[in-house]
Number of protein chains: 2
Amino acid sequence: MEERALAFFREQRKIIGGRLDDILNRKSGDLGGPHLWGRDLIERLRAFCFLGKMIRGGLIILAYRLYRPELSDAVLDMAAAVEIMHSSLLIHDDIMDRDATRRGEPSIFHQYRLLGEQRGYSDPLHFGTSFGICAGDIGFFLAWELLTSLDMEPAIRMGIQQRWSAELASVGLAQMQDMHMGFEDRVTEEEVMRLYLHKTARYTFSLPLVTGALAADTEEAVSSLGWLEKIGERMGLVFQLKDDELDLFGSTEQTGKPVGADVEQGKKTLYWLYLTRLLDGEERSSGELSGTDGPALHRALKKERLDASDLELIRGIAEDRGIRRKVETRMRQLSRSAEMTIRRLPGDEAYRDMLLSILRYNLHRKA
Amino acid sequence: MEERALAFFREQRKIIGGRLDDILNRKSGDLGGPHLWGRDLIERLRAFCFLGKMIRGGLIILAYRLYRPELSDAVLDMAAAVEIMHSSLLIHDDIMDRDATRRGEPSIFHQYRLLGEQRGYSDPLHFGTSFGICAGDIGFFLAWELLTSLDMEPAIRMGIQQRWSAELASVGLAQMQDMHMGFEDRVTEEEVMRLYLHKTARYTFSLPLVTGALAADTEEAVSSLGWLEKIGERMGLVFQLKDDELDLFGSTEQTGKPVGADVEQGKKTLYWLYLTRLLDGEERSSGELSGTDGPALHRALKKERLDASDLELIRGIAEDRGIRRKVETRMRQLSRSAEMTIRRLPGDEAYRDMLLSILRYNLHRKA
């Protein structure tokens with residue numbers, strides 16, 4: 001069942017990729033003439049976009065096809081624009097998170113850093129950071145130009161652009177909040193969930209679904225906007241909570257990511273919150289931690305590099321004290337609620353089923 | 001005559017500022033609810049926008065009023081949006097240029113850096129940089145939302161958005177080129193002028209004039225678009241060349257900026273180019289530099305901190321070898337060409353005269 005979801009995204013990725021190629025070829029001509037760095041940027045952006053799974057573009061197409069049997073060029077342009085927009089956000093994120101690797105390859109700012117090193121520029125990190133900031137900015141402007149030019153009813157195009165710009169402002173503020181929380185030792189469950197909602201769920205799931213349906217612009221599509229928004233929020237929260245779980249309980253072989261990285265980076269996940277509550281004794285009703293577990297957990301949560309025994313300790317406590325179960329229950333509730341809404345959704349049954357497959361994938365995925 | 005230009009911008013600034021206040025008050029409510037950093041960001045953005053001269057917003061209004069007697073709310077929204085957009089670009093520029101001061105106050109990333117220091121965060125510079133990147137991004141999205149929602153004919157609104165997004169991509173690439181040239185010892189006159197065209201002239205002058213006229217949307221306005229573009233390019237080049245001149249020959253008392261900063265920062269201005277050509281002997285026809293002037297100029301151009309005698313040497317050579325005159329001749333030619341086109345422009349004579357005043361201001365300003 002979950003394999004269907006992955007196959008769907010792979011297929012959409014090919015279609016969006018073809019469109020993206022055409023668009024970037026055109027822009028390479030426009031920008032490469034007057035600008036020394038134009039073609040170079042377009043090629044880096046192209047390679048970077050193509051490494052992504054194009055989930056957001058795929059969800060736009062899914063929502064569109066719930067209500068329209070045939071794809072339109074305009075909705076493909078929109079999906080391509082959104083992939084450029086998202087890649088541009090990631091270019092900036094990687095600077096903030098100091099991630100030298102993204103999508104299995106050197107991140108964009110890191111590529112420029114290496115270029116600066118090759119050329120013997122002073123302070124190649126600053127050179128890379130600066131070029132990365134520009135690259136992200138230019139990506140935003142390219143995506144914006146595409147969304148501005150969508151061949152659609154003006155009121156529909158306006159609605160799509162308004163939702164994207166408003167939600168992106170929200171994503172930027174959530175990113176600030178995320179970095180801020182990395183420095184703070186006190187966060188509430190509500191803050192964590194609100195961050196998940198704005199940084200991941202609404203942006204990655206609700207926004208593509210809602211704007212894909214807006215683009216379809218049928219009566220059924222318009223009547224579904226509120227539902228699609230809610231479905232997206234819940235699917236997205238499930239996705240994020242699963243991400244947290246895989247960070248602790250997944251295997252590097254399957255996820256391709258180091259286990260425990262969230263803890264090492266001081267990310268304030270729901271797991272982190274529940275674990276530190278045990279230390280604070282706020283959850284005394286469930287019994288104190290044993291005399292040695294408490295200080296050991298405290299130390300492990302502060303570490304910048306976890307070893308196997310730290311991980312075993314954290315996993316053991318999360319299992320024994322019902323934290324893993326608690327997060328899983330939350331995921332299941334959200335998933336059930338999303339499923340009920342999906343089943344009530346009007347539109348093409350095949351695409352409604354695909355939404356269910358994606359939901360199950362979010363809940364059961366191992367990578 | 002030039003005083004009229006300044007008075008005009010001061011007056012428009014009040015009008016745009018009022019609109020900007022209303023817009024930011026509304027956004028403060030929208031973003032302050034769900035986001036911890038929403039209100040804080042809006043207040044920093046507001047203070048930062050209000051420190052600017054709002055030249056771009058003022059030029060939009062000027063071009064609009066060439067063709068329409070009364071201002072509209074939509075054109076005010078547009079001017080306000082453009083000021084937010086420009087401030088956001090500056091927020092990113094300051095990170096790249098490591099400018100702790102902008103518009104006479106701490107730059108935005110530097111404000112966040114200071115906040116990080118106060119709170120004892122590790123690596124406050126990185127914290128400031130990261131928050132500055134987000135702040136600029138969010139500013140772009142806010143401005144984009146405003147431009148998307150302009151209460152205008154859809155085709156007009158689309159044209160305005162397309163021109164802004166395309167030109168902003170161009171500005172980003174010019175910014176890359178500018179940084180790149182800072183590291184290179186060989187640049188051509190054509191590269192320098194092309195950079196001036198894309199980084200300053202088209203963005204600061206052509207784009208506001210053209211999109212202001214687009215917003216007016218009268219027959220005369222539409223017939224003037226090509227002329228306004230050319231006028232803007234030439235006015236903007238004059239502005240930039242004057243900037244270079246003031247950097248060498250201006251006085252800190254009048255400009256409020258340190259003299260010789262371009263040389264210290266390794267900026268590849270037209271002056272720099274002509275001066276280094278003397279060293280290369282490419283301009284042998286005008287005679288070699290004296291035995292001591294050559295090495296002294298070479299040293300001075302490499303310095304990161306110029307003293308009074310370095311400056312005197314550079315100024316003396318630029319005067320004696322006709323470099324200053326050459327740049328001035330270029331400015332006068334551009335200015336004359338712009339003036340001829342302005343005189344042929346249809347539209348309200350009072351605003352045409354104002355364009356001439358601004359042109360003269362660009363040519364004769366001391367600050």
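Let's begin where the two chains meet: 61 residues from chain A and 61 residues from chain B take part in the contact. Keep in mind that this is a predicted model. Between them, chain A and chain B bury about 5,400 Å², and 72% of that area lies on carbon and sulfur atoms. On the side of chain A, Phe141(A), Trp144(A) and Met176(A) lose the most area to chain B, together 14% of what that side buries.

**Where the chains meet**

- Two salt bridges are counted between chain A and chain B. In one pairing, Arg98(A) forms a salt bridge with Asp123(B), with the closest N and O atoms 3.1 Å apart.
- Polar contacts also cross the interface of chain A and chain B, and 18 residue pairs are found this way.
- Helix 2 (38-51), helix 4 (73-97), helix 6 (124-148), helix 7 (154-183) and helix 8 (189-216) of chain A each supply at least two residues to the side that touches chain B. Helix 7 of chain A gives the largest share, 20 residues.
- Sorted by kind, the residues on the side of chain A that touches chain B are 34 nonpolar, 19 polar and 8 charged.

**How the two copies are related**

- Chain A is superposed on chain B by a rotation of 180 degrees with 0.0 Å of shift along its axis, and the RMSD is 0.0 Å. The two copies are therefore related as by a two-fold rotation axis.
- To find the axis in chain A, look for Pro154(A): its C-alpha is the nearest to the axis, at 3.0 Å.
- The same surface serves both copies, as 100% of the contact residues of chain A recur in chain B.

**A helix that is mostly enclosed**

- Helix 12 of chain B (residues 270-280) has 9 of its 11 residues buried, so this helix is largely enclosed by the rest of the structure.
- Among the buried residues of helix 12 of chain B are Tyr271(B), Trp272(B), Tyr274(B) and Arg277(B).
- What surrounds them? The buried residues of helix 12 of chain B pack against helix 8 (189-216), helix 9 (219-249), helix 13 (293-302), helix 14 (308-320) and helix 15 (323-344) of chain B.

**A closer look at Leu115(B)**

- Leu115(B) sits in helix 5 (residues 108-118) of chain B, and its relative accessibility of 14% counts as buried.
- Leaving aside neighbours within four places in sequence, Leu115(B) is in contact with Trp37(B), Arg44(B) and Phe127(B).
- Phe127(B) is 12 residues from Leu115(B) along the chain, and their C-alpha atoms are separated by 9.0 Å.

**Salt bridges to look for**

- Side chains of opposite charge can pair when their charged atoms come close. Over all chains, the whole structure holds 60 salt bridges.
- Lys27(A) and Glu145(A) meet in a salt bridge (3.0 Å, N to O). This pair links distant parts of the chain, 118 residues apart, with Lys27(A) in helix 1 (residues 2-32) and Glu145(A) in helix 6 of chain A. Lys27(A) is buried at 9% relative accessible area, and Glu145(A) is buried at 18%.
- Arg330(B) and Glu189(B) meet in a salt bridge at 2.8 Å, N to O. Their link joins helix 15 and helix 8 of chain B, and the two residues are 141 residues apart. Arg330(B) is partly exposed, with a relative accessible area of 25%.
- A salt bridge also joins the side chains of Glu319(B) and Arg324(B) (2.8 Å, N to O), and Glu319(B) counts as partly exposed at 38% relative accessibility.
- Glu167(A), Arg202(A), Glu229(A), Lys230(A) and Glu233(A) are linked in a network of salt bridges.

Terms used: Residues numbered from 1 in each chain as written. Chains lettered and ligands numbered in written order. Predicted model: local features only at pLDDT ≥ 70, side-chain atom pairs only at ≥ 80, totals over all residues. Heavy atoms only, no water. Contact = heavy atoms within 4.5 Å. Buried area = accessible area lost by both parts, 1.4 Å probe. Salt bridge = Lys/Arg side-chain N within 4 Å of Asp/Glu carboxyl O. Polar contact = N/O pair within 3.5 Å; in protein donor to acceptor, adjacent residues only side chain to side chain. Helix = DSSP H or I, 4+ residues; strand = E, 2+ residues; numbered from the N terminus. Nonpolar A, V, L, I, M, F, W, Y, C, P; charged D, E, K, R; others polar. Least-squares fit on C-alpha atoms with pLDDT ≥ 70 in both. Buried < 20%, exposed > 50% of the residue type's maximum accessible area, 1.4 Å probe, protein only.
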